[in-house]
Amino acid sequence: MTYRDAINAALAEELERDERVFLLGEDVGLFGGAMAVTKGLYERFGERRVQDMPISESAIVGGTLGAVLTGLRPVAEIMFIDFVGVCMDQIVNQIAKVRYMLGGQVEVPLVIRTQGGGGKSYAAQHSQSLEAWFMHTPGLKVVIPSTPADAKGLLKSAIRDNNPVLFIEHKLLYNEKGEVPEGEHLVPLGQARVVREGSGLTIATYSRMVGLVQQAAEGLAAEGTEVEIVDLRTLTPLDEETMFASVRKTGRFLAVEEGHLTAGVGAELVARVTKNCFDYLDGPPERVAAQDRPIPCAPALEKATLPQVEDILTAARALVG
Amino acid sequence: MAYDTQFLLGLYRQMVLIRQFEERVKFLFLEGVMPGTIHQYQGQEAVAVGVCSALEAQDVITSTHRPHGHALAKGLSIESLMGELFGKVTGCCHGKGGSMHVGDLEKGMVPAIAIVGGGVPIATGIGLSFKLRQEPRVAVCFMGDGATNEGAFHEAVNMGAIWSLPVVYVIENNRYSASTPICQTARVERLTERAHAYGIPGVTVDGNDVLTVHEAAQVAVERARSGAGPTLLEAMTYRITGHSRRDPCLYQPEEERKQALAEEPIGRYGAWLLAEGTAEQAALDQARAEVDAEIEEAVRAAQAAPAPAPEAALEDVFA
């Protein structure tokens with residue numbers, strides 16, 4: 001099953017299971033979504049459950065909050081994560097804070113699905129990885145799956161969670177295939193997955209970078225370094241313990257992300273690993289991330305900006321060398 | 001329209017409650033016993049009371065950074081508001097919201113939203129929810145004149161319009177966006193002219209006349225409840241206090257202020273009640289004495305209530 005179909009299946013199952021769940025977004029209805037993720041859902045569930053919206057992200061996302069406060073469980077789609085700029089107030093000031101400001105009077109079971117990442121020459125406003133912005137916002141959960149099985153299991157958990165969840169898909173993963181367990185499949189939020197075991201180096205990563213790290217690990221294995229890969233799956237809540245346990249075993253740590261280097265997810269991971277595993281580290285941890293510049297269009301330029309397998313290999317070799 | 005005396009006196013009492021509450025709170029702030037900042041409602045009482053008196057208990061309102069009047073008009077208790085303003089555990093948000101975020105879902109008030117225009121999409125979503133669930137409930141979105149220049153206003157009112165959602169968008173035009181007169185930031189004379197752009201009715205009324213506001217709100221609320229869609233209702237009023245705690249309001253011209261004070265809603269309505277023979281001066285005085293006593297009791301209770309334990313700061317981030 002593809003990553004796209006896995007997400008579609010999760011949405012269909014949750015729409016089927018819970019009357020209160022409904023989808024809203026731009027072109028999610030008959031058209032089936034800009035990334036074709038919601039195909040067939042409009043026909044199956046009708047326009048009351050699958051709602052096409054005007055190009056009004058602030059009203060879409062703010063509308064989910066209104067719907068939540070009166071008992072529904074909306075799942076909104078923001079076509080590209082780059083568009084969150086126009087609804088940031090609703091996400092960061094309203095949705096993430098409403099429960100806290102009210103002293104716990106309400107639960108906020110809503111999901112904002114979106115997709116990010118580069119690799120398709122979509123240039124500076126359609127290729128970003130902005131997850132770090134939301135990791136920096138208390139009150140939001142941030143879920144970012146790398147496989148079809150996780151995409152399905154995590155999305156179903158996100159829809160059932162009583163907190164606001166930003167669910168970030170990756171545009172280059174939609175056609176990736178993988179095994180997805182039959183029947184009810186839930187992956188709990190806040191539980192990392194050890195993708196590959198090894199004793200020479202820990203690499204923590206997520207989303208599309210998991211695949212690149214796996215390729216790098218093959219190369220490193222041939223050179224005699226066994227890499228342990230931790231797929232974080234959710235950035236908030238963050239499963240530190242799985243990461244720390246791995247570092248205590250390997251003594252070396254590399255964070256790999258597609259977002260920008262400065263103040264990125266890797267910066268946070270390295271700070272936590274350094275603080276908690278200091279006595280186990282054989283050397284300073286390292287990060288691989290996108291270069292600190294807007295993402296360019298031309299394939300050669302984009303490639304030079306986003307992390308590549310070669311960048312991971314270079315950083316890993318320096319760590320174990 | 002004929003109203004019964006109880007109802008008419010009730011409106012008076014509600015407006016006086018808001019005015020006296022705000023005046024008491026102003027002095028408590030000046031004494032330095034309340035934390036944070038404060039945006040007060042003196043002069044605009046007829047809007048909150050006129051609109052909320054047209055609602056049913058199950059209807060829901062969203063509010064702004066100037067929410068005390070809306071909260072009292074929607075039925076939040078004086079104690080829970082005063083407690084919140086003092087940052088005490090007895091407050092409606094257990095001290096976490098403060099003046100700018102008071103609310104109580106049980107009473108149909110979403111926590112006040114202190115980002116200008118931020119409540120318009122949320123009220124629209126509430127209306128969407130009522131429509132999807134086929135519940136005969138109405139959402140009212142209170143906003144100031146300044147909010148109509150925010151992008152979120154346009155997005156959300158348009159969305160409410162295209163789906164005929166049960167929402168009433170209430171603009172409290174107090175003529176100033178903080179210190180800037182609205183005539184400097186909008187070319188239209190009436191902000192309801194913007195309603196034409198969304199294909200919905202726009203009604204501008206004297207927002208200092210509580211019965212006029214009530215009647216206009218009733219029409220809009222009925223329209224919303226019947227499934228005919230939203231209304232943009234503009235209530236022309238005046239803020240006879242500063243924008244916030246530190247604002248001495250020097251930008252309001254003296255003549256204009258004098259005029260506004262002569263037209264402030266409580267004096268006008270009280271005089272009307274007397275002239276109509278609906279009430280004696282003694283009844284009006286008694287209403288005021290009663291609310292003053294209730295407010296004093298709430299102040300005493302709030303001052304005596306415990307502050308939240310520091311550990312409580314960690315609670316309620318996630319469910």
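Which residue stands opposite B:Thr62 in β2(B)? The legend to view 1 answers this, and the other views cover the rest of this predicted model.

**View 1. The open sheet of chain B has five strands.**
The strand order is β1-β2-β3-β7-β6, and the pairing is parallel. β1 (60-62) and β6 (202-206) of chain B stand at the edges. Each has a single partner strand, so one side of each is left without a neighbour in the sheet. From one strand to the next, the twist averages 20°. β1(B) pairs with strand β2 (residues 139-144) of chain B in the parallel sense, over three bridges. Within this pair, B:Cys141 in β2(B) is the residue opposite B:Thr62.

**View 2. Helices α2(B) and α8 of chain B pack on this sheet.**
α2(B) touches β2, β3 (167-173) and β7 (231-236) of chain B. The direction of α2(B) makes about 170° with that of β2(B). Helix α8 (residues 210-225) of chain B touches β3, β6 and β7 of chain B. Here the angle is about 160°, taken between the directions of α8 and β6(B).

**View 3. A salt bridge links B:Arg19 and B:Glu45.**
The closest N and O atoms of the pair are 2.5 Å apart. What does this pair tie together? B:Arg19 lies in helix α1 (residues 5-30) of chain B, and B:Glu45 lies in helix α2 (residues 45-52) of chain B, so the pair ties together parts that are 26 residues apart in sequence. Side chains of opposite charge can pair when their charged atoms come close. Over all chains, the structure holds 44 salt bridges.

The contact draws 36 residues from chain B and 42 residues from chain A.

**View 4. Polar links cross between chain B and chain A.**
How many salt bridges does the rule find across the interface of chain B and chain A? It finds one. B:Asp316 forms a salt bridge with A:Arg99, and the closest N and O atoms are 3.9 Å apart. The cut-off for a salt bridge is 4 Å. Between the two chains, 16 residue pairs are in polar contact. On the side of chain B that touches chain A, α5 (119-132) and α6 (151-162) of chain B each supply at least two residues. α5(B) gives the most, with eight residues. The residues of this side divide into 22 nonpolar, eight polar and six charged.

**View 5. The open sheet of chain A has seven strands.**
The order is β2-β1-β3-β4-β6-β5-β10, with mixed pairing. The edge strands are β2 (50-52) and β10 (234-236) of chain A, and each pairs on one side only. Neighbouring strands are turned by 20° against each other on average, direction ignored. Strands of a sheet pair through backbone hydrogen bonds, either parallel or antiparallel. Strand β1 (residues 21-25) of chain A runs parallel to β2(A), joined by three bridges. Here A:Gly25 stands opposite A:Asp52 in β2(A).

Which residues does a cis peptide bond join? They are A:Thr236 and A:Pro237, with omega about -5°. Phi of A:Ser121 is near 60°, a positive value in a residue other than glycine.

Definitions and conventions: Residues are numbered from 1 along each chain as its sequence is written. Chains are lettered from A and ligands numbered from 1 in the order in which they are written. This is a predicted model: local features need pLDDT of at least 70, side-chain atom pairs count only at pLDDT 80 or more; totals for chains, interfaces and linings use all residues. Side-chain values use heavy atoms; hydrogens and water are left out. Contact means heavy atoms within 4.5 Å. A salt bridge is a side-chain nitrogen of Lys or Arg within 4 Å of a carboxyl oxygen of Asp or Glu. A polar contact is a pair of N or O atoms within 3.5 Å; within protein, one must be able to donate a hydrogen and the other to accept it, and residues adjacent in sequence count only if both atoms are side-chain atoms. Helices (H or I, at least four residues) and strands (E, at least two) are DSSP runs, numbered from the N terminus. Ala, Val, Leu, Ile, Met, Phe, Trp, Tyr, Cys and Pro count as nonpolar, Asp, Glu, Lys and Arg as charged, and the others, Gly among them, as polar. Two strands pair if DSSP finds at least two bridges between them. Axes are lines fitted to C-alpha atoms, for helices over the stretch in contact, and angles run from 0 to 180 degrees between N-to-C directions.
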